[in-house]
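Have a look at it, and then we'll go through some of the terms.

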Amino acid sequence: MSDATNDVPADEQTDLSSDTEDFAQSMADSFSSFLLALREIAREGAVGSAIPLLLLEISQISLAGARLGAQRDFEPRQEYQPDVGPESDLDELRLRLAEMLDNLDTYSYVFDPYVPEMVESQLSDDLTGIASDLEVGLRHYREGDVAEALWWWQFSYVASWGNLAGVALNALLSVVAHDRLDNEFTGESDDVAAANEMLDEGESLST
């Protein structure tokens, strides 16, 4: 990728260290990969494979978000966010996700653990909301405004998509856990029933 600051006039650029530039590049790579994967998962529409893939993708951007949260506060280049054009239309993505997830789409969670109140939401809405936040930052980055991209990703992580990623991750993990553990418990019940049947047969033979 070419130098991300090339498209921003020199008098408007913020001096960034090479470490910060590298960090921004790694964030852009992570978020670009997530958006591509999310669209591909929605396009495939196979919920059986989608759940573990979504769990993996959300885990990865949650790690990226945690890295953003651990950084110093990034400062925007201007007082007001520069215009990077209209937001992408993600309605089709949201509808594809909702159709694929079907009865798994709606879930409940506690929005603020310090103010425990249950909230109902849809995974399709929350995943699309995360995608929208990340995509805004990517447009700043691709316009060459690295400082604005870092500020936006960090700000929106704390204000919005970090929490959405956390609750979505928990919901997806719950689906996987029910799928795996419920089957195990069913298997154990079958084993116990078979063992009891064998014992009953043994007692009948001995009498």
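Q: How many aromatic pairs does the count come to by the rule used here?
A: Nine. The rule is that rings of Phe, Tyr and Trp (its six-membered ring) pair if their centres lie within 6.5 Å, with planes under 30 degrees apart called stacked, over 60 edge-to-face and the rest tilted. A word on the source: this is a predicted model, where local features need pLDDT of at least 70, side-chain atom pairs count only at pLDDT 80 or more, and totals for chains, interfaces and linings use all residues. Residues are numbered from 1 along each chain as its sequence is written, and side-chain values use heavy atoms, with hydrogens and water left out.

Q: What makes Trp151 and Trp152 an aromatic pair, and why is it called tilted?
A: Their rings are 6.2 Å apart, centre to centre, which is within the 6.5 Å limit. The planes are at 50°, and that falls between the stacked and edge-to-face limits, so the pair is tilted.

Q: Is Trp152 buried or exposed?
A: Buried. Its relative accessible area is 13%, and buried means under 20%, with exposed over 50% and partly exposed in between (1.4 Å probe, protein chains only). Trp151, at 22%, counts as partly exposed.

Q: Why is the pair of Trp152 and Phe155 called tilted?
A: The ring centres are 6.0 Å apart and the planes meet at 45°, so this pair is tilted. Trp152 and Phe155 sit three residues apart in helix H5, about one helical turn. Phe155 has 42% relative accessibility, so it counts as partly exposed.

Q: Which residues form one aromatic cluster?
A: Phe31, Tyr141, Trp153, Tyr157 and Trp161 do.

Q: What makes something a nonpolar core, and which residues touch the most other members of the largest one?
A: A nonpolar core is a set of buried Ala, Val, Leu, Ile, Met, Phe, Trp, Tyr and Cys residues joined through side-chain atoms within 4.5 Å. The largest one here has 47 residues, and Phe31, Ile130 and Trp153 touch the most other members. At least two residues each come from helices H1, H2, H3, H4 and H5 and from strand S1. H5 gives the largest share, 13 residues. As for the general picture, nonpolar side chains tend to be buried together in soluble globular proteins.

Q: Which residues does Ile130 touch?
A: Leaving out residues up to four places away in sequence, Ile130 touches Phe34, Ile58, Ile61, Trp161, Leu164 and Ala165. Touching, or contact, means heavy atoms within 4.5 Å.

Q: How many helices and strands are there, and what counts as one?
A: The chain has five helices and two strands. Helices (H or I, at least four residues) and strands (E, at least two) are DSSP runs, numbered from the N terminus. Along the sequence, they follow the pattern α-α-α-β-β-α-α.

Q: Why are H1 and H2 called roughly antiparallel?
A: They pack at about 160°, with their axes 10 Å apart. Axes are lines fitted to C-alpha atoms, for helices over the stretch in contact, and angles run from 0 to 180 degrees between N-to-C directions. Angles under 35 degrees count as roughly parallel, over 145 as roughly antiparallel, 65 to 115 as roughly perpendicular and the rest as oblique. H1 and H2 are therefore roughly antiparallel. Among the residues that meet are Phe31 and Phe34 in H1, and Ile58 and Ile61 in H2.

Q: Is Asp102 buried or exposed?
A: Exposed: Asp102 has 58% relative accessibility. Asp102 lies in the loop between H3 and S1, and has a positive phi of about 55° although it is not a glycine.

Q: Where is Pro76, and which residues does Pro76 touch?
A: Pro76 is in the loop between H2 and H3. Not counting residues up to four places away in sequence, Pro76 touches Glu148 and Trp151. The C-alpha atoms of Pro76 and Ala149 are separated by 8.3 Å, though these residues are 73 residues apart along the chain. At 28% relative accessibility, Pro76 counts as partly exposed.
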